[in-house]
Amino acid sequence: MALIVQKYGGTSVGDVDRIKNVAQRVKETYDAGNQVVVVVSARSGVTNELIGRAKALNPQPDEREMDMLLTVGEQETIALTAMALHAIGVPAVSRTGTQAGILTDPSHTRARITSISGGDIQQQLAAGKVVILAGFQGYSAEGQITTLGRGGSDLSAIAIAAALKADLCQICTDVDGVYTADPRLVPDAKKLDEISYEEMLELASSGSKVMQNRAVEFAQKFNVVFEVRSSFNNNPGTIVKEEVASMEDVVVSGVALDKNQAKIVVSDLPDRPGTAAKLFQVLGSAGISVDMIVQNLGRDGKANMTFTVPREDIYRAEKAVTESFPDEAAGKLFEASDIAKVSVVGVGMRSHSGVAATLFEALAKGSVNIQLISTSEIKISVGIDPEEAEEATRLVHAAFGLGQLPA
């Protein structure tokens, strides 16, 4: 007998027929003699619909009330999934994040997990039941309902797998695994049999929609090996695990595109020590993740700071910056515009040269202008015009020969 955690995303439970399909897959796993915990997301479209309703009432709704609202989506799904399992003879019980003892910090809409007790999940499993857990949610020490940010059901699944010491964690989604690029943009993208935590983390933080980056971080920290696979077939997926030596043979494992970025220019800042520290401390305190950064001198001894943030954080970034630099706020302090980020990722970049040259040459041949650049040990990202982003992704993918990898 094995303890298996399976996570199903919004498209996998999008309607009654798909929930029935998930129930059948869970039954097959259960009938094979396994204990099963199923983590589910809200049905596809439900979260966006709830956000739309909230913003129709208030363009900047209270974050505590947003958490109360958005957890409705997952609670609907856990009840429906349990009912679907009952209908085919599988004993099942639903549990919310609070009932599962997923304790978080008090940061509404982007809470971080601090501990997991598991609630009565072990007892329910021992009684022969499948446990259906609401992803994306937890509760704070103050007793408030919290949510874990977009894609938070991935984190819920990895975290509960770690807490229960599960034998297997499967992230079941609408794709067969992790590809060298988004196959909807790059037709010859290939599925990877395995990928390291580091590569998966960089791809996730660079725009790949397969996994939430915080979930990958958690998996790496607690060494939770997991498989990304389809919820619509039984094909083997992609195993995500600790790096092994053979992974370095492949220089670049994938290309990611993130079109949900904004470029922010904070201009006319004082050119003196401590200005950058103050700016990014303010943004950090507001819970805003900053990616690419460039600083240059403007006129009259003033400095300009250019950086990128997720598009949905523009309002909070503007509020934080203008409140912290009130003397300059009346001028051209804050300008925001859309930008796309194309990234190449691979642990083999540590031991192979020429990756940047190949990337820049591919973009130059496509007449793609680079606005910003950032690098890490295993990643190079460029900020470009969103209108050129999809073609740039295809050019870069071809330049590194990723479409010629064995399937």
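The questions and answers below concern a predicted model.

User: How many disulfides does a search of the whole structure find?

Analyst: A disulfide needs a pair of cysteine sulfur atoms within 2.5 Å. The cysteine sulfur nearest to that of Cys169 belongs to Cys172 and is 8.9 Å away, and Cys169 is in no disulfide. Cys172 is likewise in no disulfide, its nearest cysteine sulfur being that of Cys169. For the whole structure, the number of disulfides found is zero.

User: Is Cys172 buried or exposed?

Analyst: The cut-off for buried is a relative accessible area under 20%. Cys172 has a relative accessible area of 1%, and Cys169 is also at 1% relative accessibility and counts as buried. On that value, Cys172 is buried.

User: How do α1 and α3 pack, and is α1 oblique or roughly parallel to α3?

Analyst: Helix α1 (residues 16-31) and helix α3 (residues 63-87) have axes 9 Å apart and pack at an angle of about 60°. Angles under 35 degrees would count as roughly parallel and those from 65 to 115 as roughly perpendicular. At this angle, therefore, α1 is to α3 oblique.

User: Which residues of α3 make the contact with α1, and how does the contact divide by class?

Analyst: α1 passes α3 in a right-handed crossing. On the α1 side the contact is made by Ile19, Ala23, Val26 and Lys27, and on the α3 side by Leu80, Thr81, Ala84 and Leu85. By class, the residues of this contact of α1 with α3 are six nonpolar, one polar and one charged.

User: Are α5 and α7 oblique or roughly parallel, and what is the handedness of their crossing?

Analyst: The axes of α5 and helix α7 (residues 213-221) come within 8 Å and cross at roughly 15°. Because angles under 35 degrees count as roughly parallel, α5 is roughly parallel to α7. The handedness of the crossing of α5 and α7 is left-handed.

User: What classes of residue make up the contact of α5 with α7?

Analyst: The crossing of α5 and α7 is left-handed. From α5 the contact takes Asp154, Leu155, Ile158, Ala159 and Ala162, while α7 contributes Arg214, Ala215, Phe218 and Ala219. Divided by class, the residues of the contact of α5 with α7 are seven nonpolar, no polar and two charged.

User: What angle do α10 and α11 make, and which residues of α11 meet α10?

Analyst: Helix α10 (residues 355-365) packs against α11 at an angle of about 135°, with the two axes 9 Å apart, and the helices are therefore oblique to each other. α10 passes α11 in a right-handed crossing. Thr358, Leu359, Ala362 and Leu363 in α10 meet, in α11, Ala392, Leu395, Val396 and Ala399.

User: Why is α6 described as largely enclosed by the rest of the structure?

Analyst: The buried residues of α6 are Tyr197, Glu199, Met200, Leu201, Glu202, Leu203 and Ala204. Helix α6 (residues 197-205) is largely enclosed because its buried residues number seven of the nine.

User: Which residues does Leu125 touch, not counting residues up to four places away in sequence?

Analyst: Leu125 has its place in helix α4 (residues 121-126), where it is buried with a relative accessible area of 3%. The C-alpha atoms of Leu125 and Glu142 are separated by 29 Å, although these residues are 17 apart along the chain. With residues up to four places away in sequence left out, Leu125 touches Leu3, Gln35, Val36, Val37 and Val131.

User: Where is Lys165 found, and what is its phi?

Analyst: Lys165 is found in the loop between α5 (152-164) and β9 (168-173), and with a relative accessible area of 70% it is exposed. Lys165 is not a glycine, yet its phi is positive, at about 55°.

User: Is Thr109 buried or partly exposed, and what is its phi?

Analyst: Thr109 is placed in the loop between β4 (102-104) and β5 (113-116). Its relative accessible area is 25%, so Thr109 is partly exposed. Although Thr109 is a residue other than glycine, its phi is positive, near 75°.

User: How far apart in space are Glu387 and Ile145, C-alpha to C-alpha?

Analyst: Glu387 lies in the loop between β18 (379-384) and α11 (389-399), and at 73% relative accessibility it counts as exposed. Glu387 and Ile145 are 242 residues apart in sequence, and their C-alpha to C-alpha separation in space is 39 Å.

How values were computed. Residues are numbered from 1 along each chain as its sequence is written. This is a predicted model: local features need pLDDT of at least 70, side-chain atom pairs count only at pLDDT 80 or more; totals for chains, interfaces and linings use all residues. Side-chain values use heavy atoms; hydrogens and water are left out. Buried means under 20% relative accessible area, exposed over 50%, partly exposed in between (1.4 Å probe, protein chains only). Helices (H or I, at least four residues) and strands (E, at least two) are DSSP runs, numbered from the N terminus. Axes are lines fitted to C-alpha atoms, for helices over the stretch in contact, and angles run from 0 to 180 degrees between N-to-C directions. Angles under 35 degrees count as roughly parallel, over 145 as roughly antiparallel, 65 to 115 as roughly perpendicular and the rest as oblique. A crossing is left-handed if the near helix is turned anticlockwise from the far one by less than a right angle, and right-handed if clockwise. Contact means heavy atoms within 4.5 Å. Ala, Val, Leu, Ile, Met, Phe, Trp, Tyr, Cys and Pro count as nonpolar, Asp, Glu, Lys and Arg as charged, and the others, Gly among them, as polar.
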